[in-house]
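Have the sequence and the structure open side by side.

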Amino acid sequence: MSHVEAEIAGQPACWRRALETGPTGLPEHGERVAVIGCGTSLHMAQAYAELREAAGLGETDAFAASAYPPARRYDRVLAITRSGTTTEVLDALRLLRTDGTPTVALTGDLDTPVRDAADVVVDLSYADERSVVQTRFATTVLVLLRAGLGLVPEDLPEQAERALLAPLPERAVTSEQFTFLGTGWTVGLAHEAALKLREASLSWTESYPAMEYRHGPVSIAAPGRTVWFFGAPPAGLLDEVRATGAHASVSTDDPLADLVRAQRLAVALAERRGLDPDRPRNLTRSVVLPGS
């Protein structure tokens, strides 16, 4: 079993621990908040930002750490960084310290520079990973953040366990192309699912807000391709996708549990193509830029 497979399988236990531990140092009701991250962490930031703002708990923006706008003012900035060493995240946190903005970092490794760069550090080392390809750390962060909003189904870990055993979507393993669609907070999950397939299996994948898909990208839908919805499809869109001959995947489970199936698909595709998901091409576990 690859490291990434073992880490995918470990998600229910990590989610339970996150729910038992509870959130620490997270934003207060009404605070204006920014969330930063890179790659997978950015996608979790996007999901959380949409959830928090939609719940009426305060204006919340998500940025790639390298694109954080220093001229804006926030009551608090959250940084998501599995390794605690990513150059862009550390640079942003150090910049924020100079203007006095309170910062919170969620990390999988306390023995890294992020410990000194952020005001508050949330320890998620129990969800850390050996893999380059992120799975359980990112989803555990989002479970913790959702818990802080009161937006976690009681049976979410059980849903993840079912997702580990459920069949993959019909014809997905033989598809030549994948498009992942979301609405609201699940747009971040769609981006994350597409990234997982690209990283692990070098698949042709795309991701969009669901209704934006109708404005051009639907042109590539065809038999032998898969369109995967995170959450309920907008009215009429599912029928349009099916009319193209593409296979559509729709789940009634929580979208985060459905992401577990997409992670499994990434590994299955890698194995089918003779690739090692623990050694994705051109990638490293953390991006540390020269001279940083």
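The tour begins with the ground rules and then turns to the helices.

This is a predicted model, in which local features need pLDDT of at least 70 and side-chain atom pairs count only at pLDDT 80 or more, while totals for chains, interfaces and linings use all residues. Residues are numbered from 1 along each chain as its sequence is written, and side-chain values use heavy atoms, with hydrogens and water left out.

Start with helix H3, residues 40-54. Helices here are DSSP runs of H or I with at least four residues, strands are E runs of at least two, and both are numbered from the N terminus. H3 reaches 22 Å from its first C-alpha to its last, close to the expected 21 Å. The expected span is 1.5 Å times one less than the number of residues. Eleven of its 15 residues are buried, so H3 is largely enclosed by the rest of the structure. Buried means under 20% relative accessible area (1.4 Å probe, protein chains only). Among the buried residues are Leu42, Met44 and Tyr48. Just after H3, Gly56 takes a positive phi of about 75°.

Now find H10, residues 255-272. Of its 18 residues, 15 are buried, so H10 too is largely enclosed by the rest of the structure. Gly274 follows H10, with a positive phi near 75°.

A search of the whole structure finds seven aromatic pairs (Phe, Tyr or the six-membered ring of Trp, centres within 6.5 Å). The planes of Tyr208 and Tyr213 lie at 40°, so this pair is tilted. Planes under 30 degrees apart count as stacked, over 60 as edge-to-face and the rest as tilted. Trp228 and Phe230 are stacked, at 25°.

Note on methods
Buried < 20%, exposed > 50% of the residue type's maximum accessible area, 1.4 Å probe, protein only.
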